[in-house]
Every structure is written in C-alpha cells, then in structure tokens.
2 protein chains.
Amino acid sequence: MSFFMMDKEFKDMVYEGLSKMLKAIANANRIEVIEILSQGEKSVEGIVQATGMTIANASQHLQVLKNNNIVKTRKDGHFVYYSLIGNEFLALHQHITRYAVNEIAELGKMVNRQRLVNDSQHAVSFDELELMIGEQNVLLVDVRPADEFASGHITGALSIPLEVLVTRLKDLTNENEIVAYCRGPFCMLADEAVKLLKENGYKARRLDGNYPEWKLRQLQLS
Amino acid sequence: MSFFMMDKEFKDMVYEGLSKMLKAIANANRIEVIEILSQGEKSVEGIVQATGMTIANASQHLQVLKNNNIVKTRKDGHFVYYSLIGNEFLALHQHITRYAVNEIAELGKMVNRQRLVNDSQHAVSFDELELMIGEQNVLLVDVRPADEFASGHITGALSIPLEVLVTRLKDLTNENEIVAYCRGPFCMLADEAVKLLKENGYKARRLDGNYPEWKLRQLQLS
DNA sequence: AACATATTCAATAAAAATATAGAATAATAG
DNA sequence: CTATTATTCTATATTTTTATTGAATATGTT
C-alpha cells in the first residue's frame, strides 16, 4: 500500500484528466470549429453559417469546448462570441495538424492529392516571403472571406476573397508575382486562387503557411 | 458545386481523419500504455503487468493504437513486442502532456499537490544537471524499475529502483547531491525517492524532466 | 505430431457520445 | 411590459466506444 497505492490512484486521475481534454478535441465537428476560431472570434450564428451544423448542435459542441478550457466566450448584446482560449492551445493544435499531415500517410496523401489537383505544389515559405517583400516584387493576397480578413491578417496583404477574385482580376498587375494565403493546413482557398490566377496568365504561388501560423510566429518574434 | 462543394467534402474527410487519430489517444488506458511505451518496447504481457488491465482488453487497446499508426510491433518467439512508432509521435505526446499540466488548472493543481506532498518542489533542470555533471559533484540516480533502465537511460546514471532504495542507502555517499529521475511528467517515483533520501539525511532533488524527454533532447542535439 | 503458451479475434453487454427537436432563458427593441 | 431574437438546456433515439468472456490462431517445445 502506502505510496504505490496512492501513486496508482493519482496516475489514474491524471490519465482521466488528459483523456477528457483529448476527447474534447477528438471530434470532426469540433475540430472544424477550432479551425474556424483559429481565424478569430465568431458568434454561434457565425459558426453555424460556416459549418452548416444545426444551431443546437453547434451550441452543444461549443459547450464541450468551453467546459474543457479550449474556448472562451464574450457576450455582446444578443450575441455570444466564441474564441480560442489562448496561443498555447493554438500552438498545440498546430502541432497536432502538422503531425497528422506529415506522419499519417492517409492524411498526407489526401492533402497532397488535393494540392496537385490545384496545381500549386511550389509554395512560398515565410522566409522567402519576407525576402520578396523586401525586394518589393510581390503582391500578397488574402483570399479568405472579408470578415476573417477584418479580424486579423498578415500586414501588407490585400483582401480579395476567392468568391470575388474573378471580378477583380482586371485590377491586378501582371508585373509582380502574386502570393495567396488562407486559413489552416487543410484550407484550399489559396490553391484555388492560384489555379484561377495561373489560368489567367498571372504568376502566382501559394504561401506555405496561413494566418494562424503567422500570428503565432509574430508573437514568438516580438 | 464546382470547387466549393469539393472543398467541403475534402475538409470533412480531413477532419474525420484527424479526429480518428485523436480518438485513438483520447482514452485513459491507452494514454497509460503510451506512457509505458515511451520508456521503451514492452510485450503485451509486460503491459498487462504494468497496468493491471485484463490481457484481452490490453490487446484490444493495442490494436487501436496500431491501427492508428501510433505503435508498431515486432514478433519474437511467443511474444509480440510493442513500441511507439517514432520520435515524431513522442514529441507530440510530450507537447500534449506539457500543455495539460501547464494550462489545465485542474491537472496542474493535481500534479503540484502531489509534488508538494512529496516535498521536492525545487527540481533540477537539464541545463543545471549538465553543469553539475561537469563539476562532478552530483550522483544521478534512475529510480525506475531495472528493465526500464536496461532498455535506455541517461548516460552516467546509476540504476536504483525505488523498491530497493531503502536497502541501498548504505552504498550512497553523503558528500554529493543526489538527483533522481523517472518517467513522464506524471511519474512520482523520483519524488518518492527524494523524500526518502531527505528523511535519511541526504541532499537530494528531483530532475525536472524524465527519460523520454532526455531521449528527444539528445536526438535534437546530435 | 501433440501440447503449451502468448496473443488476437468475435460476440455481447454496458457505458458514453452524438444529433435532433422542442422548451426554457436572457437580453434587447419597440 | 411585451415581443423578438440568440443561445442554452432537456429529453430522447441513435451510434460509437469499452470491457468481458471464451474461442481461434500462431509459435515454439517435448
């Protein structure tokens, strides 16, 4: 007995706690919500629109995330706004998705196949981007919806949501290379944008990274 | 239709894949197995002994981990030996546990309370340890069971499993400070050892880290 | 070849997670 | 104060996960 017994009980409690936290993020709907919230805060209504879930179901999943300290809420008038609890969690989430894409063959293949279809294999790294910005021969385009751009974006980027890109083509110059970026590692908006741009004679590449990564990187730098 | 539809389906598939992987590690029994395997490979029998699970249940959980590319197997005679699939996963697992202890109040409190009980708050960092080793005024003790020591340990450490520490006290000199280490962040063996040593008039502290972390650190250095 | 041992498989019962629909709550506007 | 709107809560049916039991498989021993 004495301390071995206690140790056993303690360990069980700790493992229960850990698995409880992991269960909270081990659900496709909730992962989608987390991806959305990694762009910035959103109301329940906003999440429902972005995901297509029923409102009660979305609310229920948000409660699970809240009870497990993954998201926090802010109330304003009729609306309750949800956001990720902090950057520590965002960093963990990024690690999980990076691991999944790199190490789980099934998932990596899926993402690569999609990227091949979109014809934008040769992505630009953050370091390259900074060089290109220094030489001023790049046009950085944020192709996410306007509200996501509004709640945070890479400095110097131009907001052209994918839906309106076709109609805005005439405003773009042919001289500089265009670099498009969007959301998390599974977001294909930038790839679609690159495809469209290339078809119209522009020089375009995807950014190998996304807004949440950029945000974390800036925090680490400053 | 066109690409927005496809995007939606693609995303759903990716989120399903991610949640499938997370479900595999979102279970207290399987987390315990992962913790054990982060020390080195073990047979099914060995895992059963370490956890107290029934053999069929352990086997079933191991299948789940195997089907999700978290562990791999090696067959030798009657026995099937399980081990973690690679260091990428180990690093992710460490990130998850570190996050949980630091960011989930409930879990952090639990671990700290236990550490307080064990009277070994002032842990030695890896950097401190390297300094102390350089000055040769430290005795590094691995208090895990002998077989775990055998399958890998910090260079220069002495193996004294906690169970036999009382009987080996007479062999230890009083001159140097003793630093004890054990397994993952939830392992309290080192804390128990420090408590016991202090009660017997030795100068002793716990290492703020453990064998799996050391292994990863060495891999990153070399 | 017959047997013993370690592990996995298959079937089942129990427990937990999920989605849905409708009621309840809380905040605001008129 | 009442009506409206956004969100959460409650109850329920469905699906998924888990533990247990005993049978099946595979490997090595005599």
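Reader: How much space lies in the largest cavity?

Author: This is a predicted model, where local features need pLDDT of at least 70, side-chain atom pairs count only at pLDDT 80 or more, and totals for chains, interfaces and linings use all residues. Residues are numbered from 1 along each chain as written, chains are lettered from A and ligands numbered from 1 in written order, and side-chain values use heavy atoms, leaving out hydrogens and water. On a 1 Å grid over the protein atoms alone, a cavity is a set of points where a 1.4 Å probe fits but cannot get out, and lining residues have an atom within 4 Å of a point; points are joined across faces, edges and corners, and volume is the space filled by probe spheres set on them. For the largest cavity that gives about 50 Å³.

Reader: Which helix supplies the largest share of its lining?

Author: Helices here are DSSP runs (H or I, at least four residues), numbered from the N terminus. Helix 1 (2-25) of chain A plus helix 2 (28-37) and helix 5 (87-103) of chain B each give at least two lining residues. The lining includes A:Leu18, A:Leu22, B:Phe89 and B:His93. The largest share, 4 residues, comes from helix 5 of chain B.

Reader: Switching to packing, at what angle do helix 3 and helix 4 of chain A pack?

Author: Axes are lines fitted to C-alpha atoms over the stretch in contact, with angles from 0 to 180 degrees between N-to-C directions. Helix 3 (residues 44-51) and helix 4 (residues 55-67) of chain A have axes 10 Å apart, and the angle is about 115°.

Reader: Why is that pair described as roughly perpendicular?

Author: Angles of 65 to 115 degrees count as roughly perpendicular. Helix 3 of chain A and helix 4 of chain A are therefore roughly perpendicular.

Key: 1 Å grid on protein atoms, 1.4 Å probe; cavity = no way out; pocket = protein on both sides within 12 Å on 5 of 7 lines; lining within 4 Å. Parallel < 35°, antiparallel > 145°, perpendicular 65-115°, else oblique.
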